[in-house]
Every structure is written in structure tokens, then in C-alpha cells.
Amino acid sequence: MWLAALGLYLQNPWFVQIVISLLHVKPEVAALFERNPFPQSPPRYVRATVYRYRFTTAEEHQATGASWKRQELGEYLPGVSLEDVR
């Protein structure tokens, strides 16, 4: 999904369709994720945030064990509900 962040969500109709499918908890879309993010019930809202990732320095990796460091850049898709996308 990192390619979507190169533009606006309106330029990526496939991303919007994934969000709509998550709101419906379609099993074929939930299967695209490592784990079902909504195993109990459908979410009321879905939103997306953009992050910038960079490799950690050798010192950061040694101290934390992390390979990546991320910085929140802001909102990509505001919170939407099924009512919003109808």
C-alpha cells in the first residue's frame, strides 16, 4: 500500500475499495492482511495515516532491536463509515 501514499486517496480507487471492503469485513480482503483486524465485528470507521519509514542507525538498532523508525506525516484518508461511502 505504500504506493498509494505517492498520491491522494482519490487517485487510488483500489485503496478506497479496500476500505469499503474492510467496513463490510469481506473475508477475501481481510485475508490480505497478516491477521483479520476486525475478528469480532465490522468496524464503524476506518481511517488511514501516512508514515515515513527509515532504517535505524546501528546505534538505534543495537539499543532497541528495531530495524525501522517511523515518523507520522499526517492523515491520508479521514475516518469514513459505511454511511459515508454510500
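Where is serine 81 found?

## Serine 81

Serine 81 sits in the loop between strand E2 (68-80) and helix H4 (82-85). Helices (H or I, at least four residues) and strands (E, at least two) are DSSP runs, numbered from the N terminus. This is a predicted model, where local features need pLDDT of at least 70, side-chain atom pairs count only at pLDDT 80 or more, and totals for chains, interfaces and linings use all residues. Residues are numbered from 1 along each chain as its sequence is written, and side-chain values use heavy atoms, with hydrogens and water left out.

With a relative accessible area of 8%, serine 81 is buried. Buried means under 20% relative accessible area, exposed over 50%, and partly exposed in between (1.4 Å probe, protein chains only). Leaving aside neighbours within four places in sequence, serine 81 is in contact (heavy atoms within 4.5 Å) with Leu23, Arg44 and Tyr45.

## Leucine 6

Now for a residue in the segment before helix H1 (13-24): leucine 6. Leucine 6 is exposed, at 68% relative accessible area.

## A salt-bridge network

Side chains of opposite charge can pair when their charged atoms come close. The structure holds 2 salt bridges, each a side-chain nitrogen of Lys or Arg within 4 Å of a carboxyl oxygen of Asp or Glu. In one, arginine 54 meets glutamate 60 (3.0 Å, N to O). Glutamate 60 also pairs with lysine 69, with the closest N and O atoms 3.5 Å apart. That links Arg54, Glu60 and Lys69 in a network.

Arginine 54 is partly exposed at 36% relative accessibility, and lysine 69 is partly exposed at 41%.
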